[in-house]
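Below are some notes for a colleague coming to this structure for the first time. Please read them with the model open.

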Amino acid sequence: YPALTIARALRAKNYRVLLCTDKRGVRFVENTDISYRVVQSAPMRKGLIGKISTLLLLGIGYLQSHILFLFDKPAVIVGLGGYPSFPPVIAAAHRQIPVVLHEQNALFGRAQRMLHAYAKKICLSFPQTKMLQGIPEEKLQVTGLPLRPEIMAISDHPYTLPQGDEKLRILITGGSLASALFGDTIPLAMAQLAPELQDKIHVVQQCRAEQAEMIRQFYTHHRISSDVQTYLHDMPDQLRLAHLFIGRAGASTVTEMAVAGLPAIFIPLAVSLDGDQAANAEHIVKAGGGWILPEKDFSPESLAAMLSDIINQPTQLISMASTMKTLGRADATERLTQTIIEAMA
């Protein structure tokens, strides 16, 4: 999604854009208005055969990139992390095409660490990004993470607590495909709240399709005001209306909460590579914009205790929302596109 946002921003400035991805990324771009090409790539696999297979696919992707660049002649290559960046970035460097890298997370990823020597400029989403040792300071620039325009549009929306009979709206997502763990745990946490606290909340929860009806019935049984959906088509509106967010800590999610000025309880994905989600959440929590609840400690009891404190003392959310606003960069897309344009010179 950041790649599509950057592509559209550059195209709006009359630049021609081609997006390269591996097979996994096709479903995100095939129905968009952005031109794309599939380049072979793969993460490093275990075992001798796995490693040989990976190197073979990366080699094919490298040759594909050379052929593509021979005919397309790009003025700059932008690598957004992950193994799909490998073949195009290395081929670009060997053809002396300028390279700009962008790191989405608060931890400089493995792929980026292996490619940084080829980059003319390295753009960061977070100012305190970890694992930048050995990279020249002049290469680094904090731009923020580009988000969809409809999300950026709510950056000026003021945060207010519920008034009168309004309920505290709690927005829950579990990532792009939702999390079965959240569907199993969060409703139980809501049920453990004291009845007078349950009366004060409205829950909007994204969940897996196979869990939806069960969760709806559970909230109805416990008389908890709720809206259970398998996909949130109106995310900007949900962010605008919510008072508290509960969810994962991927780079886009954390940045969306910051731009929206929405206090959050982050439950970082325990198996995320190098702990990048935990690093993203720590950036927010250290500043005072939310809380971290590690997955190993995530239970109905621990979440209910945290929510009880928040609902009983809602005014703390005001200062957290204000802090969140200072962490979001509404101009991230413009900053990054300008850096990319300057790299062409």
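Which residues does Ala191 touch, not counting residues up to four places away in sequence?

1. The model is predicted. In it, Ala191 touches Gln198, Phe218, His222 and Ile224, with residues up to four places away in sequence left out of the count. Ala191 sits in helix 7, which covers residues 180-192. Its relative accessible area is 21%, so Ala191 is partly exposed; the cut-off for buried is under 20%. Thr32 is 159 residues from Ala191 along the chain, and the C-alpha atoms of the two are separated by 42 Å.

2. The nonpolar cores come next. The largest one has 64 residues. Met190, Ile246, Ile265, Phe266 and Leu307 are those with the most contacts inside that core. Leu307, for its part, touches Ile170, Met190, Leu193, Leu244, Ile246 and Ile265, again without counting residues up to four places away in sequence. Another core, of 21 residues, lies apart from the largest one, and Phe69, Ala92, Ala119 and Leu124 are among its members. As a general point, nonpolar side chains in soluble globular proteins tend to be buried together.

3. A polar residue, Gln206, is also worth a look. Gln206 belongs to strand 8, residues 201-206. With a relative accessible area of 6%, Gln206 is buried. Its side chain reaches the backbone nitrogen of Gly174 at 3.4 Å.

4. Helix 1 runs over residues 2-12, and its buried residues are Pro2, Leu4, Thr5, Ile6, Ala7, Ala9 and Leu10. Which elements cover them? The cover includes strand 1 (19-21), helix 2 (26-29), helix 11 (251-260) and helix 15 (332-343). In an α-helix there are 3.6 residues a turn, so residues three or four places apart point the same way.

5. The axes of helix 1 and helix 15 come within 10 Å and cross at roughly 65 degrees. The two helices are therefore roughly perpendicular to each other. The crossing of helix 1 and helix 15 is right-handed. On the helix 1 side the residues that meet helix 15 are Thr5, Ile6, Ala9 and Leu10; on the helix 15 side they are Thr333, Leu336, Thr337, Ile340 and Ile341.

6. Helix 12 makes the contact through His283, Ile284 and Ala287, and helix 14 through Thr323, Met324 and Leu327.

7. Most residues other than glycine have a negative phi. Asn14, which is not a glycine, has a positive phi of about 75 degrees.

8. Where is Met131 found? Met131 is in the loop between strand 5 (121-124) and strand 6 (140-142). Its phi is near 70 degrees, a positive value in a residue other than glycine. Met131 counts as partly exposed, at 36% relative accessibility.

Notes: Residues are numbered from 1 along each chain as its sequence is written. This is a predicted model: local features need pLDDT of at least 70, side-chain atom pairs count only at pLDDT 80 or more; totals for chains, interfaces and linings use all residues. Side-chain values use heavy atoms; hydrogens and water are left out. A nonpolar core is a set of buried Ala, Val, Leu, Ile, Met, Phe, Trp, Tyr and Cys residues joined through side-chain atoms within 4.5 Å. Buried means under 20% relative accessible area, exposed over 50%, partly exposed in between (1.4 Å probe, protein chains only). Contact means heavy atoms within 4.5 Å. Helices (H or I, at least four residues) and strands (E, at least two) are DSSP runs, numbered from the N terminus. A polar contact is a pair of N or O atoms within 3.5 Å; within protein, one must be able to donate a hydrogen and the other to accept it, and residues adjacent in sequence count only if both atoms are side-chain atoms. Axes are lines fitted to C-alpha atoms, for helices over the stretch in contact, and angles run from 0 to 180 degrees between N-to-C directions. Angles under 35 degrees count as roughly parallel, over 145 as roughly antiparallel, 65 to 115 as roughly perpendicular and the rest as oblique. A crossing is left-handed if the near helix is turned anticlockwise from the far one by less than a right angle, and right-handed if clockwise.
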